[in-house]
Amino acid sequence: MSTQDVILDEQKKALLNNDPTSDSIYTLNLGPTHPATHGIFQNVLQMDGEKILSSEPTIGYIHRAFEKLAEHRPFYQITTLTDRMNYCSSPINNMGWHMTVEKLLGVQTPKRVDYMRIIVMELARISDHLVCNSVLAVDTGALTGFLYVFQMREKIYEIYEEICGARLTTNMGRIGGFERDFTPAAIEKLKTFLVEFPKAWQEFNNLVERNRIFVDRIKGVGGITAEKALAYGFTGPNLRAAGVDYDVRVTSPYCSYQDFDFEVPIGENGDTYDRFLVRNEEINQSLKIINQAFNNLPEGTYHANVPEFYLPPKMEVYNNMEALIYHFKIVMGEIEIPKGEVYHAVEGGNGELGFYLVSDGGRTPYRLHFRRPCFIYYQAYPEMIKGQFLSDAIITMSSMNVIAGELDA
């Protein structure tokens, strides 16, 4: 056996045994501030050349103790904390929290509120998936599509702005409904978006969805089986890409989702390409849902009749002492909250976003746990990239849509 054969044989043994003492094995830090990680978290990789032998993820760099903060904040002040989790689809977080409190209080919202919430949440889902899939294209070297669809995302932000005055961290809605009805300007912007976006979205798909270079680059990369995805606790597009038909909107309908006709896209291989396709089709389904909600928007009020928890109108607060007092009492948690224990989940941009709320009747939650889908499925990342190349690890992470704010909450 030649010297070269001996060296190659030792490298193969090191690759199989993951021997850190081998000269061919080295440690590589991916993050915590590498732009390809799309957030502040780290992966300590054991590498053999370009091939990944093992990975150890490190999180907590932007941990903000949301759950502990929530235990010291009145219920209304927690809405701003939910914004900062998955900030690519803040309104879904806001609505999910409000619905959790409504479940505790036993509040039944009017149909109009449900449909308005669905319009906003599906716009947020589109915005979230636009970020994920266009950035995946960027990570494979295709920048044009990213810049193009971000113009459409900007139009979604303009609709948010008309509804609540904010864009990214929206703090949108109220316990029981909305602060105000959709304005004529918001309705016009929504109409324009529903006409313009499908054309732009089709152009993006024509650019990348069947592009041979793009498909070859992501197909078969970062796959996971349905069994392993379920074992890890996957939900959302990453689970559906593996072939599991689970969507909170269908299995546990909330906010009148049972009124709507839409399909849940399912993949086969659980790889990067399937995750891309599932999110693409979910955008089409979200458009279908928004059109149904907008065209069948019920008449009625935009908030439930719960004056003890619903903030009074601003003009009354500015001009009426009783309204000012009530506003202060609600915001500062001086309204009596019933004791109880509830769990409510919504279908977030990344999967099942749940809120486990325990109330002891005090002005703040006794316990509030956020079930963040990112935190759960990111645990599978080391297994998904083992044996793959470093460049594959980048696009696998991108296709999983790991949002640091949701991961570290």
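These are my notebook entries on a few spots I looked up in this structure, which is a predicted model.

**Entry: cysteines**

I started with the sulfurs. How many disulfides does the count come to? The count comes to zero. I wanted to see the reason, so I took two cysteines in turn. For Cys132, the closest cysteine sulfur is the one in Cys88, at 9.0 Å, which is too far for a bond. The cut-off for a disulfide is 2.5 Å between the two sulfur atoms. Cys164 has its closest cysteine sulfur in Cys255, and that pair is 16 Å apart, again too far for a bond. I also checked the cover on Cys132: the residue is buried, at 2% relative accessible area.

**Entry: helix 12**

Next I went to helix 12, which runs over residues 272-295 and has 24 residues. I looked up its span from first C-alpha to last and got 35 Å, close to the expected 34 Å. Is this helix enclosed or open to the outside? Of its 24 residues, 18 are buried, so helix 12 is largely enclosed by the rest of the structure.

**Entry: two buried residues**

Asn93 sits in helix 4, residues 90-105. I have Asn93 down as buried, with a relative accessible area of 2%. What does its side chain lie beside? A polar atom of the Asn93 side chain is 2.9 Å from the backbone oxygen of Thr82.

Ile119 belongs to helix 5, which covers residues 111-139. Its relative accessibility is 1%, so I put Ile119 down as buried, the limit being under 20%. I then took the C-alpha distance from Ile119 to Lys68: 31 Å, for two residues 51 apart along the chain.

Which residues make the patch of about 280 Å²? Met321, Leu324 and Ile325 make it. I followed up on Met321, which lies in helix 14, residues 321-331. Met321 comes out at 52% relative accessibility, and because exposed means over 50%, Met321 counts as exposed.

Glu334 has a relative accessibility of 46%, so I noted it as partly exposed. Last, I took a C-alpha pair here as well: Glu334 and Thr364 are 30 residues apart along the chain, and their C-alpha atoms are separated by 9.6 Å.

How values were computed. Residues numbered from 1 in each chain as written. Predicted model: local features only at pLDDT ≥ 70, side-chain atom pairs only at ≥ 80, totals over all residues. Heavy atoms only, no water. Patch = residues over 30% accessible without salt bridge, like charges linked within 9 Å, V, L, I, M, F, W, Y side chains within 5 Å. Areas by Shrake-Rupley, 256 points an atom, 1.4 Å probe, with all protein chains shown as cover. Salt bridge = Lys/Arg side-chain N within 4 Å of Asp/Glu carboxyl O. Helix = DSSP H or I, 4+ residues; strand = E, 2+ residues; numbered from the N terminus. Buried < 20%, exposed > 50% of the residue type's maximum accessible area, 1.4 Å probe, protein only. Expected span 1.5 Å × (residues − 1). Polar contact = N/O pair within 3.5 Å; in protein donor to acceptor, adjacent residues only side chain to side chain.
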